[in-house]
Amino acid sequence: MKPTHHLDYSTLLAHAAGTLDEAFSVVAVSHLAVCPTCRAALREAEALGGTLLEQMPGADVSAACRTRTMAAIEGVVPPPPAMRAPPSDLPAPLARLVGARSFDEIAWKRKAPGVAMFDVTLPPGARGQLKLLRIGAGRAMPEHGHGGEEITLVLKGAYRDHMGRFAAGDVADLDEDIEHKPVVEQDGDCICLVATERPTRFKSLAARLMQPFVGI
Amino acid sequence: MYAVMESADKRQDDQKQRVETLFRNLIVQVAQQRDRQAFSQLFDHFAPRLKSFMMRKNTSAELAEDLVQEAMIAVWNKAGLYEPSKGSVTTWVFTIARNLRIDRARRDVHMPMTELGDYDEPSEEPEGEELLGRKQEDGLVARALQAIPEEQRQILILSFVDEMPQSEIAARLSIPLGTVKSRMRLAYGHLRRILETGL
């Protein structure tokens, strides 16, 4: 199934420019992996980058750099094509970061009835925070705004809110002032990957999750 | 007047087309014959631009040249993976340079962020993508960049050329983050429209 909710164009452009925070890039790449529409859009954004590169005034490159490069390709043995990642519940970029191939292998921490969370450790210096969130079938999250940058990718199951149905592969890349009240569908847990800014100015995702949950 | 402008555009397009065809041929020679002469021509065209690209954000000339060398070696190694249907040679070189820069500029942050191989399987929708490749040769992207309003172009330059995250752009221009995003969206919308309909 092709995703029906996509990355915002401003996110795609920032990703193409290489300026997206690492946490957000992991979500973007994980969505791109399953979304031909966003891949095509990314190529257009990258074409902008190519055009701007072409228009850059060149800097003088030293003869030594040229000589070194020409010498370096002499001995180069092209690396073998990358092996396809083994099949996994998790998108390949995320599976590498988490070191797990199935959602069952993840050390979930229970945060509230029906709600579990896992902090994805990003390399030191990486910007943003990345969390996996597992919400039980039929549960509703309290209405909340995002009060900060946040992108959510559904990895398993589905939820609904006033924007529609978000199922595996769909991404909610919303303006921070949009409020919503997601309700997980009845037929199973919903697992999401959520990138947020470091919670400095804003109430953190964790704090919001500690709010009482209502079963439906 | 229009006739004159059109013919100037056409000459520019023809020129771009010839250059792109030349690059594609060079890449094929590198990929299939391991042709060093062809590679050195690519080096002479791209290395100075790559060096400017790598020197953004106060990167030293020395590190920039290391990165140029690395990027060009990647061009040598990956030439066989270049697919014209997915964009121009210049765009392909840009993506190589961008990924390298992300890896190296944040030296301690080794992230599988931009590994296109993860999702660049033989492509669906070849028509749309081939169309993009062709249209880009036509110089439409360059013209689209000229055609969009200055306040949108400025955001794209700060993002792609000055390598500023959206929040930094907002601070630099003293505008809300939401405005930076909406200008990016508008700029992308313009680009899309121009790519689809021509200028």
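Author: Residues count from 1 along each chain as its sequence is written, and chains are lettered from A and ligands numbered from 1 in the order written. It's a predicted model, where local features need pLDDT of at least 70, side-chain atom pairs count only at pLDDT 80 or more, and totals for chains, interfaces and linings use all residues.

Reader: What pLDDT does chain B average?

Author: Chain B averages 82, with 79% of the residues at 70 or above; pLDDT is the predictor's confidence in each residue, from 0 to 100. For the complex, the predictor gives an ipTM of 0.84 and a pTM of 0.86.

Reader: Which elements of chain B have the lowest and the highest mean pLDDT?

Author: Helix H5(B), residues 126-137, is lowest at 50, and helix H2(B), residues 36-54, is highest at 96. Helices (H or I, at least four residues) and strands (E, at least two) are DSSP runs, numbered from the N terminus. Over residues 112-127 of chain B, pLDDT stays under 50.

Reader: Why are S5(A) and S6(A) called paired?

Author: Pairing takes at least two DSSP bridges between two strands, and S5(A) (158-161) and S6(A) (164-167) have four, so they pair, running antiparallel. Ala158(A) sits opposite Ala167(A), and the hairpin has two residues between its strands.

Reader: How many residues does each chain put into the contact?

Author: Chain B puts in 62 and chain A 54, contact being C-beta atoms, placed from the backbone, within 7 Å. H2(B) gives the most to chain B's side, nine residues.

Conventions: Contact = placed C-beta atoms within 7 Å.
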